[in-house]
Structure formats: structure tokens, C-alpha cells
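Subject: A structure for you to look at

Dear colleague,

My notes on what was found in it follow below.

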Amino acid sequence: MGDQYYGAKASLNVWALHVNNPNEFSLSQMWVISGSFGNDLNTIEAGWQTDAYQATGCYSLMCSGFVQTNNKIAIGAAISPTSSYNGGQFDISLLVWKVIFF
């Protein structure tokens, strides 16, 4: 058995990218993965995406069965301000952490 990890943190640059084709999207995300790419794979994914999940599936409050547990985070909301080419750069910090109670 390997080391024990209890979370991950990432800082992601935020862009307001334009997509031309309805089947295109752009995203930046971190994954926390447990198991293998077989029957026991579990993932937690956090990040941003440009198409508001119109072509890429359902990952937010619009999904059946999704449960939000924090009322201070606006899941699915627009992120502002955004970075620009040769201009200001902006990011979001994400933290996924397993809380252990003794």
C-alpha cells in the first residue's frame, strides 16, 4: 500500500474563451482519482468550462441527483474577471480535501 493523500489544491487561470462549433468546449480542471480505470474508478473533478455543459454532459445543480453542501459557493455561476491575451491574468484556487473525524 502506498502513501496516504487527503486532498489536492490547484490554481487555474480563468479565460472567457469563445467556441465556434456547438460540439467544441474548453475547460481547465483538476481531478482527484481513486482506483483504476476499471470497475473501481472514482473521481472528483473541479474547474471551469466554456460551454456551460450544453454539449458535454451534466455536472452541476441542473443534474438529477447532484447535491450541493456549501451555500457559500455558487456552482455553475460565471467567474469574473477573466484573463486576456497580453493583459491581466486571473485565477481561481480549488481545494478538494477529505475531512477525517476521530
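Met30 is buried, since its relative accessible area comes to 9%, and buried here means under 20%. Please keep in mind as you read that this is a predicted model. Met30 has its place in strand S2, and, when residues up to four places away in sequence are not counted, Met30 touches Ala8, Lys9, Ala10, Ile44, Glu45, Ala46, Leu94 and Val96. One of these deserves a separate look, because Leu94 is 64 residues from Met30 in sequence, and yet the two are 8.3 Å apart in space, C-alpha to C-alpha.

**Two other residues of the strand**

Ser28 is also found in strand S2, and with a relative accessibility of 18% Ser28 counts as buried. Once its neighbours within four places in sequence are left aside, Ser28 is in contact with Leu12, Ala46, Gly47 and Trp48.

Leaving aside neighbours within four places in sequence, Ser34 is in contact with Asp40, Leu41 and Asn42. Ser34 and Ile44 are 10 residues apart in sequence, while in space they are 9.0 Å apart, C-alpha to C-alpha.

**The second largest pocket**

Ser34 and Ile44 come up again at the second largest pocket, where they are among the residues that lie nearest its centre, together with Tyr5, Val32 and Ile33. The lining of this pocket is made up of 13 residues, and its volume is about 240 Å³. The elements that give two or more residues to the lining are strand S1 (7-13), S2, strand S3 (42-49) and S4.

**A nonpolar patch on the surface**

Which residues form the nonpolar patch on the surface? They are Tyr6, Leu95, Trp97, Val99, Ile100 and Phe101, and together they have about 710 Å² of accessible area. Leu95, found in strand S4 (residues 91-97), is exposed, with a relative accessible area of 59%, which is over the 50% that the word exposed requires.

Methods
Residues numbered from 1 in each chain as written. Predicted model: local features only at pLDDT ≥ 70, side-chain atom pairs only at ≥ 80, totals over all residues. Heavy atoms only, no water. Contact = heavy atoms within 4.5 Å. Patch = residues over 30% accessible without salt bridge, like charges linked within 9 Å, V, L, I, M, F, W, Y side chains within 5 Å. Areas by Shrake-Rupley, 256 points an atom, 1.4 Å probe, with all protein chains shown as cover. Salt bridge = Lys/Arg side-chain N within 4 Å of Asp/Glu carboxyl O. Helix = DSSP H or I, 4+ residues; strand = E, 2+ residues; numbered from the N terminus. Buried < 20%, exposed > 50% of the residue type's maximum accessible area, 1.4 Å probe, protein only. 1 Å grid on protein atoms, 1.4 Å probe; cavity = no way out; pocket = protein on both sides within 12 Å on 5 of 7 lines; lining within 4 Å. Points joined across faces, edges and corners; volume = space filled by probe spheres on them.
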